[in-house]
Amino acid sequence: MRANGRPLTTNSLTAVRNLGILAHVDAGKTTLTERVLFATGATHKRGEVHAGTTVTDYDPQERDRGITIFAAAVSCTWDGHRVNLIDTPGHVDFSDEVERSLRVLDGAVAVFDAVAGVESQSESVWRQADRHGVPRIAFVNKLDRAGADLDTAVASIRERLGAVPLVVQLPIGREDAFTGVVDLLTMRALHWHAGSDTYEAGPVPEPLREEADRRRRLLEETVAELHAEALEEFCTTSALTGRTLARALRELTLRGDGVVVLCGSAYRNRGIEPLLDAVLAYLPSPADMPPVRGVADGAEQERAPDPAGPFTALAFKVTATATGRLTYLRVYAGKLRKGATVLDAATGRTERVGRILRVQADRHEEREEAGAGDIVAVIGLKAARAGTTLCAPGAALVLEPPSVAEPVVSVAVEARRAGDTGRLSAALMRLAEEDPSLVVRSDAETGQTVLSGMGELHLEVAAEKIRSGHGVEVVVGRPQVSYRETVVRGVTGLVYRHVKQDGGAGQFAHVVVDVEPLEEAAFEFRSAVIGGRVPPEYARAVEAGCRDALAEGPLGGHPVTGLRVTLTDGATHSKDSSEMAFRAAGRFALREALRLSAVELLEPVVEVTVTVPEDGVGGVLGDLAARRGRVSGSTAGSGTAVVTATVPLAELFGYASRLRGRTQGRGTFTTRPAGLAPVPASVAAALPAR
């Protein structure tokens with residue numbers, strides 16, 4: 001272990017790494033995190049997922065289910081650097097936790113199973129990281145498993161992710177005989193012996209010398225194709241020095257033009273130290289990141305990662321604990337001291353920071369201050385939510401908050417005992433505050449409280465938190481998917497006049513709108529009014545009114561998406577026109593336009609990947625067809641088959657039990673969102689209105 005090989009440089013941004021661990025469920029993220037903590041000396045005993053002794057999966061539900069549900073932050077030191085690490089969930093239902101984490105991270109380690117390669121959720125989180133521009137390195141895990149193959153996993157990275165893998169290690173031994181790796185940069189062999197916590201470095205074994213030389217040459221050629229300076233040296237000397245190669249790998253990683261690939265077995269503690277070295281060598285520090293951009297006084301501004309600058313931080317997670325309400329912050333600039341007053345840049349409200357904590361999952365270490373580049377939790381903030389920008393008073397800058405996915409599944413919830421209704425309401429409010437992807441609403445027709453989320457498991461976890469965390473017994477209804485309505489054929493030149501006179505100042509607004517379909521599931525508004533017939537402030541009010549009308553569509557009262565509204569003309573009254581009148585006109589005009597348009601119902605669909613024994617494929621295909629699934633691919637090998645299909649989410653409720661029954665418990669499946677698709681007329685006719 002080299003955690004204390006050099007003293008930690010706490011005053012330098014270059015000595016900090018903020019990274020996340022990303023992967024498909026069961027790829028080994030949490031085990032890898034545990035081994036990192038052990039290798040760096042942050043823990044003195046290896047935690048195990050199967051034993052429920054991990055640091056990051058500390059919630060009782062995580063330990064009972066054996067999966068990561070909540071993103072957990074930990075901190076450790078390696079070779080004089082502070083590594084702030086977030087272990088993210090791998091299950092699709094908790095992808096919003098990953099989204100909020102990626103928003104504040106500088107780099108990531110993507111973990112892949114050496115047998116399965118790129119799986120559905122690992123592809124999803126990879127695309128999330130692409131959207132945020134987060135540089136990544138890859139770790140191919142579980143090389144000790146039967147059927148593990150580094151080259152096959154690397155090929156899936158190239159084919160499914162469209163990335164350029166830059167493999168810097170060669171495994172020594174296969175499957176159970178995997179004992180180490182050859183470092184292709186230094187051309188040294190690293191061996192981990194059974195029972196040892198560290199590796200021994202030595203010369204490349206003679207049987208692997210030729211293959212190691214070949215792979216080193218391939219790595220140099222690939223890097224030279226992508227990096228101008230490396231190409232110049234390669235053309236001159238027909239080779240690359242280790243220094244040039246390392247520098248080129250770092251620059252390619254930061255630009256996103258290549259992905260450094262390492263390998264190992266986290267469970268057997270093999271490959272951890274080289275991975276940590278690669279984190280420091282290739283992933284960016286806060287000093288490498290561009291200034292954050294935000295809005296101040298209506299104009300876009302930048303703020304550099306300067307410890308001496310005005311304090312600027314983004315809240316990305318809120319949790320309630322026995323010690324108080326924890327607000328997790330990524331500090332982008334300036335310093336935050338205990339007892340300081342901070343400004344909510346969006347609302348103008350000020351709050352006082354009571355305590356600053358460096359978080360080790362569910363354990364905390366109190367600090368006097370935090371500076372640029374830090375990820376910390378604070379106690380004392382009462383109103384801050386995920387996405388809130390906190391600044392020094394007098395230096396407001398509103399940063400873009402993490403995006404929140406729309407929920408796709410809903411259940412009705414009610415307290416088992418009538419006297420607990422108030423406590424249930426408070427618990428639901430707390431849940432929605434901690435997890436923005438949970439939405440609570442009241443059904444106007446039935447009076448029921450409806451909880452919406454990202455999937456069945458997401459809602460099960462929420463219900464269990466209400467029971468165990470708030471002591472409220474709840475009754476949960478059957479899951480229902482969240483349908484949408486969209487415009488197939490719009491209307492042109494719809495005229496709406498809003499005139500109201502009931503004593504005193506009246507209301508007058510005259511609007512003419514066009515409504516047309518939009519390919520993506522979104523809403524777009526634009527004003528094409530000329531001659532100032534509708535002033536800009538009134539046009540914005542019309543847009544607000546249109547957004548109000550999107551809440552309920554004409555088919556079944558479902559939210560409307562996938563349309564563009566264009567305000568083409570209008571008129572005002574010198575006394576009776578107002579923003580309120582034009583907002584009402586926009587709302588009623590769009591409602592009327594939707595009634596006259598051709599509208600269809602949409603339902604969420606998911607890509608399902610089913611892994612079953614080969615003799616069970618027929619039954620699985622038939623079952624998927626009965627669930628309105630469209631099979632897109634099927635592969636077989638080593639006695640198992642993998643079937644990929646697109647299936648309406650509504651048809652997947654209870655599928656886990658059905659699959660286990662059809663395959664004697666040997667079948668498994670994973671899902672990832674695949675957007676929205678039209679509901680067949682026969683199915684739509686049988687659906688109740690919202």
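Predicted model: local features only at pLDDT ≥ 70, side-chain atom pairs only at ≥ 80, totals over all residues.
Residues are numbered from 1 along each chain as its sequence is written, and side-chain values use heavy atoms, without hydrogens and water.

Select residues 206–226 for helix H6 and 228–237 for helix H7; helices are DSSP runs of H or I with at least four residues, numbered from the N terminus. Their axes come within 6 Å and cross at roughly 125 degrees, with axes fitted to C-alpha atoms over the stretch in contact and angles running from 0 to 180 degrees between N-to-C directions.

Next, show the contact (heavy atoms within 4.5 Å). H6 contributes Arg-217, Glu-220, Glu-221, Val-223, Ala-224 and Leu-226, and H7 contributes Ala-228, Ala-230, Leu-231 and Phe-234.

Move to Leu-240, in the loop between H7 and helix H8 (242–255). Leu-240 is buried at 5% relative accessible area, where buried means under 20% with a 1.4 Å probe and protein chains only. Beyond four places in sequence, Leu-240 touches residues including Glu-220, Val-223, Ala-230 and Phe-234.

Finally, select Glu-99 in helix H3 (residues 95–102). Glu-99 is buried, also with a relative accessible area of 5%. Leaving aside neighbours within four places in sequence, the contacts of Glu-99 are Gln-128, Arg-131, His-132 and Ser-403.

Definitions and conventions: Helix = DSSP H or I, 4+ residues; strand = E, 2+ residues; numbered from the N terminus. Buried < 20%, exposed > 50% of the residue type's maximum accessible area, 1.4 Å probe, protein only.
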